[in-house]
Amino acid sequence: MFYCAKENKYIVEQTPFTIDGTGYPADWLNHASVQDKETLGLVEVTYEGTREDDRFYWVTENRNGAVISYTNSPKDLDALKKQWLASTNQAAYSLLVQSDWMVVKAMETSTTVPADWSTYRAAVRSAAQTAVTAINAAADVPALQAAIQVTWPNDPNYVAQ
Amino acid sequence: MSDYLGRIITKTPTPPSPTSASGVWSLDEALQYQKAGKWPPGYAISRSVRLRSSASAYFNRTLTTPTSSQKYTWSGWIKRGKLDSSGLQGIFCPYSSGTVYGYLAWYQDGIRIFDRLSGGTNFLLQTTAVYRDASAWYHIVYAVDTTQATAANRVRLYVNGVEVTAFSTSTYPTQNNSTTTNSAIAHYIGYDISNTGYFDGYQTEINFIDGQALTPDYFGYADTATGVWQPIPYTGTYGTNGFYLNFSDNSAATAAAIGKDYSGNGNNWTPTNISVTAGATYDSMVDSPSMYGADTGVGGEVRGNYATWNAVAKASSQPTFSNGNLDLAAAAAAWSGAVGTIGVTSGKWYWEVVNGNADTFVGICGDNLVLATADPQTLTGTILYYGADGRKRVDGTLSAYGASYTTETIGVALDIDGGTVTFYKSNSSQGSISLSSSTLNGRTIFPFIAKYASTANINFGQRPFSYTAPSGYKALNTQNLPVPTINNGANYMAATLYTGNGATQSLVNTVNNISFQPDFVWIKDRSAGYQHSLQDVVRGTGASKKLYSSLSEAENGANSVYGYLSSFDTSGFSVSIGASGAQQVNASGTTYVGWQWKGGGTAVSNTSGTITSSVSASTTAGFSVVTYTGSGSSATVGHGLGVAPSMIIIKNRGSAQDWRVYHTSVGVNAYLALNTPAASASDSGWTATSSTTFTVGGSGAQYNASTNTYVAYCFAPIAGYSAFGTYTGNGSTDGPFVYLGFRPRFVMWKNASAVEAWLIEDTARSTYNEVALELYPSSSSAEAAGSSRSPTQQFDYLSNGFKVRGAQTQTNGSGNTIIYAAFAENPFKYARAR
């Protein structure tokens with residue numbers, strides 16, 4: 001991204017723009033030389049600080065000319081916990097539902113679910129429960145961010161590449 | 001001007017090519033079209049009819065004794081509405097009784113062709129491909145000639161000009177059988193009685209030819225510039241039962257008007273539950289496979305492919321879409337969210353929404369919205385206007401704004417150039433909201449709605465607006481989208497398939513008469529499990545210049561003896577046998593794919609950085625090949641792209657070091673390794689980027705050891721051609737939808753959160769959806785089919801992006817960050833549905 005001081009305007013790549021009443025096509029920045037950009041008064045934007053994950057933080061861009069910095073304020077922890085608990089349970093459900101038919105078949109035919117699949121399904125539940133416990137225990141947003149990093153087990157058919 | 005059938009012929013619709021000014025044909029183009037017999041090239045389809053399945057809408061007519069009981073052709077343009085993975089939606093359906101009927105239909109989202117005689121099935125075909133792209137138009141031709149000697153030639157199906165040959169079910173008619181279709185019984189458009197299957201979506205330009213089995217080139221052609229299938233007027237004879245419906249007369253919902261046959265036969269069709277009364281049920285649309293016209297803001301005027309709600313954009317709670325995806329219904333159990341099919345980064349746009357109650361947030365969202373994770377009204381990446389109390393909600397935060405609303409028309413005026421969005425209640429402005437107050441600033445922006453326990457219908461301008469748009473604001477359709485720099489990705493990126501011959505071979509990358517000389521070629525065998533082989537124009541050809549994405553091996557190492565790229569050719573490349581064979585590029589009988597990118601040809605010296613580099617750069621395609629010699633301390637290297645790259649792939653040429661990959665979504669000081677499945681890792685010495693250079697901040701051997709030589713492949717996004725982004729997996733077979741702004745040809749993925757292999761899937765190998773043929777840059781494994789793995793790892797490549805259809809961690813691990821690099825067949829502006 002570039003900043004045009006004389007019009008206090010930010011120019012985004014692959015987007016047409018107008019300066020001094022003259023229109024420039026979307027790919028102008030790609031083709032223009034450094035000198036062309038300087039002549040037009042464009043300065044490349046630099047970024048200071050870290051932009052946190054806006055799923056967890058209210059991120060405000062502080063635009064000071066060609067320098068952009070960030071203010072990152074944690075979102076409400078309880079609301080985030082509620083959201084990620086639901087998401088974790090949904091993820092576990094989506095993994096289990098694919099082999100639910102095995103359980104149904106086993107019940108209907110008085111047979112057993114293959115042992116490796118039983119193990120896998122238990123591991124999914126265990127991973128989910130571990131994550132749920134960690135989410136509930138998170139004391140702050142960084143702890144919550146760590147808690148949601150769930151390593152789900154691979155099912156018995158998985159072939160690593 | 002008009003031809004004798006009342007159809008409009010004009011040169012206006014076809015978009016200008018990069019070599020011609022708007023609306024003016026270059027002599028070269030004119031001669032090309034005339035040579036192909038396609039002059040003038042633009043053919044204007046002025047209207048389509050929306051068939052609302054919720055209203056049980058259809059057309060019907062009872063045919064008479066046909067010209068031929070053995071030969072006919074149906075051709076039509078279709079844009080899907082409601083998708084239905086289990087049901088049947090009739091497109092063209094004869095019905096006499098429960099034992100004598102047939103249909104051309106969507107079934108389980110594939111195409112199903114059935115014809116039943118009183119004695120049983122006459123023929124039945126079900127495509128292996130699924131067609132779940134409701135964001136653009138399909139052209140379908142279905143031709144029957146039961147006199148053919150070869151059974152498979154008796155029923156033929158074409159989509160967008162290409163014959164479909166993969167069927168999960170195929171029963172062909174006995175030679176010389178008569179058919180129920182085109183017999184003297186009732187026929188229906190949009191309704192199959194046998195399954196009570198109503199079509200939902202749009203149809204236009206329907207030609208039915210009685211007595212001939214025709215190929216699609218009677219009804220369309222591949223445009224010479226874009227390669228995209230375009231309509232042309234059918235000029236042949238129709239036969240007794242033949243008809244031509246273009247739905248252009250919307251003066252009345254009668255057989256003599258909207259159902260009028262323009263073939264000259266007078267075979268008009270009677271509409272049922274089709275409305276031409278203004279309002280939400282108005283079914284005469286300007287949504288069209290043609291693009292033309294200027295926008296004055298009244299709606300219902302510009303022809304093009306219009307935005308609708310995106311039926312495949314997964315929300316945590318999915319609303320029910322209907323009526324050509326212009327209506328939605330949200331259940332009472334949870335807030336539902338929906339986004340539009342067209343995203344924009346510039347311009348001024350207007351649309352209208354009418355809601356069923358006040359539990360509504362009408363608004364916009366950015367491409368940073370992660371729709372699947374929570375109540376959509378609360379999410380970052382949205383600017384919303386709340387019905388219940390009139391407040392606005394910016395990135396989830398409520399504050400005072402305007403008046404409350406319920407069933408009034410809410411206008412949305414999005415001015416990206418000016419950085420504002422303004423909501424109108426019954427044409428009364430509620431005030432502008434600055435985009436810079438939100439996370440949407442500088443992003444691709446979409447129409448958005450969050451709803452609870454009610455309905456909403458939207459008008460993007462495919463029918464007249466209730467209120468004229470503010471001055472300068474346009475309807476959201478492909479005609480109004482900006483003309484992209486690259487209108488055909490085949491000019492800059494190709495995926496070429498070939499079979500090795502064990503010697504020397506020249507490969508051609510031509511697609512629809514478009515070819516180019518590549519500057520970077522990446523070869524992988526499909527069938528045997530040999531290493532990847534990468535060569536570029538800057539390092540040069542020959543066995544000593546090979547690198548391997550699946551290995552850390554340096555140039556001229558142990559694998560250099562297994563064949564090599566011997567030349568970059570005008571329209572492709574050549575491969576030759578090495579000292580110990582040609583396994584990696586040309587083994588006899590082995591199948592290969594060659595991915596190719598166009599750079600800037602012969603390298604030039606670049607002194608933008610503190611290290612002088614050699615650069616072959618295409619600023620048009622956003623791709624450069626860079627070689628440099630490391631300094632052993634913090635340095636910058638010129639890349640020649642003019643804008644900051646979004647992805648850089650670096651390899652130490654002389655030492656066995658891992659590949660390094662910078663991707664904008666992983667960010668600076670973090671990296672991935674192309675030759676390993678490792679998750680992203682940190683390295684403070686790793687790269688930062690600017691419009692002129694990338695930074696190699698330390699002395700890491702992977703990118704900047706003193707006197708070591710390196711090659712870097714740099715990519716910057718080009719709107720409509722390439723994209724480098726990220727999405728969050730949901731672990732479901734109903735996975736995320738990723739908007740690219742183009743129909744992809746090639747996508748490469750990596751789960752940045754987990755130890756999972758890199759993955760590439762392309763449309764040269766997977767010629768239809770689901771796309772599922774996998775190759776792994778970090779592995780020499782041969783091609784695998786996603787459907788043979790569990791959980792499956794498949795995708796739908798669509799006119800405007802891709803939809804994840806597999807649950808596998810590799811590309812859809814729940815909560816994982818998945819990065820991608822994608823390259824286009826065509827920009828969405830021109831693309832057909834896939």
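**Figure 1. R50(B), a buried arginine in a strand.** At 0% relative accessibility, R50(B) counts as buried in this predicted model. R50(B) belongs to strand β1 of chain B, which covers residues 48–51. Once neighbours within four places in sequence are set aside, the residues in contact with R50(B) include G201(B), Y202(B) and I274(B). Also among them are T281(B), Y282(B), D283(B) and M285(B), along with N323(B), G324(B), L326(B) and R463(B).

**Figure 2. N207(B) and its polar partner Y238(B).** Here we turn to strand β15 of chain B, residues 201–210, where N207(B) sits. With a relative accessible area of 2%, N207(B) is buried. Its side chain makes a polar contact with the side chain of Y238(B) at 2.6 Å. Leaving out residues up to four places away in sequence, N207(B) also touches T73(B), W74(B) and S75(B), as well as F219(B), Y234(B), F243(B) and Y244(B).

**Figure 3. A buried salt bridge between D287(B) and K79(B).** The side chains of D287(B) and K79(B) meet in a salt bridge, with 2.8 Å from N to O. D287(B) is in the loop between β20 (284–285) and β21 (320–322) of chain B, while K79(B) is in strand β3 (residues 71–80) of chain B, so the pair ties together parts that are 208 residues apart in sequence. Both D287(B) and K79(B) are buried.

Figure 4. D367(B) has a relative accessible area of 43% and is partly exposed. R443(B) is partly exposed too, at 26%.

**Figure 5. R653(B) and E555(B), joined from two loops.** In the salt bridge of R653(B) with E555(B), the closest N and O atoms are 2.8 Å apart. R653(B) comes from the loop between β45 (647–652) and β46 (660–663) of chain B, and E555(B) from the loop between β37 (533–536) and β38 (564–569) of chain B; the pair links distant parts of the chain, 98 residues apart. Both R653(B) and E555(B) are buried.

**Figure 6. A salt-bridge network in chain B.** R132(B), E770(B), D796(B) and R805(B) are the residues to look for here, linked in a network of salt bridges. For context, the count over all chains comes to 27 salt bridges.

**Figure 7. Aromatic side chains in chain B.** Over all chains, the structure holds 68 aromatic pairs. One of them joins Y385(B) and Y401(B): the ring centres are 5.3 Å apart and the planes meet at 80°, so the pair is edge-to-face. Y385(B) lies in strand β26 of chain B and Y401(B) in the loop between β28 (397–399) and β29 (409–415) of chain B, so the pair ties together parts that are 16 residues apart in sequence. Y385(B) is buried at 0% relative accessibility, and Y401(B) is also buried, at 18%. Elsewhere in the view, one aromatic cluster brings together Y492(B), F520(B), W522(B), W595(B), W597(B), F623(B), Y713(B), F715(B), Y721(B), F724(B), F746(B) and F823(B).

**Figure 8. The interface of chain B and chain A.** Chain B brings 44 residues to the contact and chain A brings 33. About 3,100 Å² is buried between the two chains, with carbon and sulfur atoms giving 46% of that area. By class, the side of chain B that touches chain A has 12 nonpolar, 28 polar and four charged residues. Zero salt bridges are found across this interface, but five residue pairs are in polar contact, both residues of each pair being at pLDDT 80 or more.

**Figure 9. A123(A) in a helix of chain A.** A123(A) has its place in helix α5 of chain A, residues 115–137. At 28% relative accessibility, A123(A) counts as partly exposed. The C-alpha atoms of A123(A) and D155(A) are separated by 9.6 Å, and the two residues are 32 residues apart along the chain.

Key:
Residues are numbered from 1 along each chain as its sequence is written. Chains are lettered from A and ligands numbered from 1 in the order in which they are written. This is a predicted model: local features need pLDDT of at least 70, side-chain atom pairs count only at pLDDT 80 or more; totals for chains, interfaces and linings use all residues. Side-chain values use heavy atoms; hydrogens and water are left out. Contact means heavy atoms within 4.5 Å. Buried area is the accessible area (1.4 Å probe) that two parts lose on being put together, summed over both. A salt bridge is a side-chain nitrogen of Lys or Arg within 4 Å of a carboxyl oxygen of Asp or Glu. A polar contact is a pair of N or O atoms within 3.5 Å; within protein, one must be able to donate a hydrogen and the other to accept it, and residues adjacent in sequence count only if both atoms are side-chain atoms. Ala, Val, Leu, Ile, Met, Phe, Trp, Tyr, Cys and Pro count as nonpolar, Asp, Glu, Lys and Arg as charged, and the others, Gly among them, as polar. Helices (H or I, at least four residues) and strands (E, at least two) are DSSP runs, numbered from the N terminus. Buried means under 20% relative accessible area, exposed over 50%, partly exposed in between (1.4 Å probe, protein chains only). Rings of Phe, Tyr and Trp (its six-membered ring) pair if their centres lie within 6.5 Å; planes under 30 degrees apart count as stacked, over 60 as edge-to-face and the rest as tilted.
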